[in-house]
Amino acid sequence: MIFSLDVRRARKGDCLLLHFGSAATPGLVMIDGGPKSVYGPHLKPRLLEIRHARGLDAQSPLPVDLLMVSHVDDDHIQGILDLTRELRAASGVPFVRIRRLWHNSFDDIIGKNPKELTGNVAAHFGSASLAGGLPEDATVDVDADEDEEVVVSSIKVLASIAQGHGLRLDAEALHIQLNPEFDGKLILAAEGEVALTHDLAFTVAGPMQPELQALQKTHDAWLKELKAKGMTPEDALAAYVDKSVPNLSSVVVLARAGGKTMLLTGDARGDKILEGLELAGELKTGQTLQVDVLKVPHHGSSNNLERGFFERITADHYVFSGDGEHGNPERDALQMLFDAREAAPFAIHLTYPINEIDVKRKEDWEKEQAKERAKNKKRKAEGKPERPERDNWSRKQQSLASFFEGHPLASGQTLHIVPATTPHVIDLLDPLGF
């Protein structure tokens with residue numbers, strides 16, 4: 001029996017393949033596809049390898065039992081759109097056939113006609129933003145008690161609304177069933193398992209109904225405030241955000257096969273994952289849950305995590321998907337993990353080499369430092385109080401290389417790097433073998 005997680009490089013995003021079943025009756029689940037420049041070099045070649053390993057000929061598409069897009073965000077959905085658009089344009093037999101799609105798109109969450117919302121995103125950041133092309137230096141001047149990374153990441157989710165709508169259209173054109181286990185409606189946390197086959201079951205631990213209601217409420221307030229006060233799109237977008245509400249819409253599932261488990265978390269917030277697992281009956285209040293694989297939420301951003309999360313959810317394998325862009329994975333998140341697990345055995349899986357991650361983390365640090373200085377210069381000119389600025393980058397204080405040098409792995413702890421060209425597969429049952 002097979003139950004394996006196939007981890008692909010996905011730049012700043014997520015791209016995972018879940019293998020299940022047996023050699024005679026194999027199954028495949030795709031989870032997210034990363035941002036642009038992931039499908040061509042990393043996802044499609046692996047799908048072709050899997051097709052070849054199964055002995056399928058040119059007239060036999062690779063069946064994908066389930067495609068799951070955790071939420072509307074460019075670094076999760078764009079690679080999937082690249083795939084579905086290629087399938088739509090294909091003549092003859094496609095190389096992949098997707099049977100069903102699990103996805104909560106924004107038109108499910110905020111209504112079928114979000115033109116007022118998207119119009120104001122485009123007005124400030126340009127029409128390209130609505131195809132996931134939000135500028136990398138997008139910024140807002142947030143209040144002192146808000147975290148700009150949270151605000152900007154949420155705006156980037158809003159900028160991906162059109163991508164979610166496009167995925168729905170692609171699914172319809174390709175005759176892919178949308179959320180069939182939920183009668184085509186929203187995927188929400190609930191008690192009990194959803195059996196995909198007799199070999200594989202998912203328990204949905206997110207999103208929760210209150211979070212989606214909060215998203216709708218916040219959206220309504222955003223539009224009302226925009227109209228009543230004549231606010232700029234920048235101000236209105238900042239006002240829209242309530243502790244990264246859009247990321248609360250991430251689909252979170254606990255996958256189970258052959259007595260083994262994988263917790264796949266998208267960009268969900270750690271505390272909400274715990275609440276969702278309690279709601280689903282998988283985690284009792286105040287107690288812990290052991291899983292075999294944990295896909296660490298939000299690429300290891302410390303904004304979404306705290307030590308208590310790693311104390312209550314323990315794993316044999318921790319997957320951190322990120323190349324250093326936006327600072328992820330962060331040292332603070334790794335510190336939380338090491339503090340929580342101490343000398344317990346576990347494996348860490350990084351999707352890029354540490355030195356490559358640190359190059360981008362340093363670039364991000366210096367970019368954010370420059371933005372902080374520019375804002376303080378503006379605030380000073382306006383007679384407003386200046387805000388604290390980060391220190392210069394220090395390898396000792398900020399790099400992942402220095403972190404691991406200062407945290408030697410205990411017996412039974414291992415560190416793995418996803419290779420650029422060969423598969424990186426975490427086998428929980430029988431080896432996948434390719």
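This is a predicted model: local features need pLDDT of at least 70, side-chain atom pairs count only at pLDDT 80 or more; totals for chains, interfaces and linings use all residues.
Residues are numbered from 1 along each chain as its sequence is written, and side-chain values use heavy atoms, with hydrogens and water left out.

**Whole chain**
- You get 14 helices and 17 strands, taken as DSSP runs (H or I, at least four residues, for helices; E, at least two, for strands) and numbered from the N terminus.
- Of the 434 residues, 56% are buried, meaning under 20% relative accessible area with a 1.4 Å probe, protein chains only.

**Helix α1**
- Helix α1 covers residues 39-53 and reaches 19 Å from first to last C-alpha, close to the expected 21 Å (1.5 Å times one less than its number of residues).
- Its buried residues are Y39, H42, L43, R46, L47, I50 and R51.
- An α-helix has 3.6 residues a turn, so residues three or four places apart point the same way.
- Just after α1, G55 has a positive phi of about 75 degrees.

**Around strand β12**
- Strand β12 (residues 260-264) is largely enclosed by the rest of the structure, because four of its five residues are buried.
- On one side, β12 pairs antiparallel with β11 (residues 252-257) over five bridges; pairing takes at least two DSSP bridges.
- M262 is the bridge partner of A255 and also stands opposite V293 in β13.
- Strands β12 and β13 (residues 289-295) run parallel, joined by three bridges.
- In the β11-β12 hairpin, with two residues between the strands, G258 takes a positive phi near 55 degrees.

Definitions and conventions. Buried means under 20% relative accessible area, exposed over 50%, partly exposed in between (1.4 Å probe, protein chains only).
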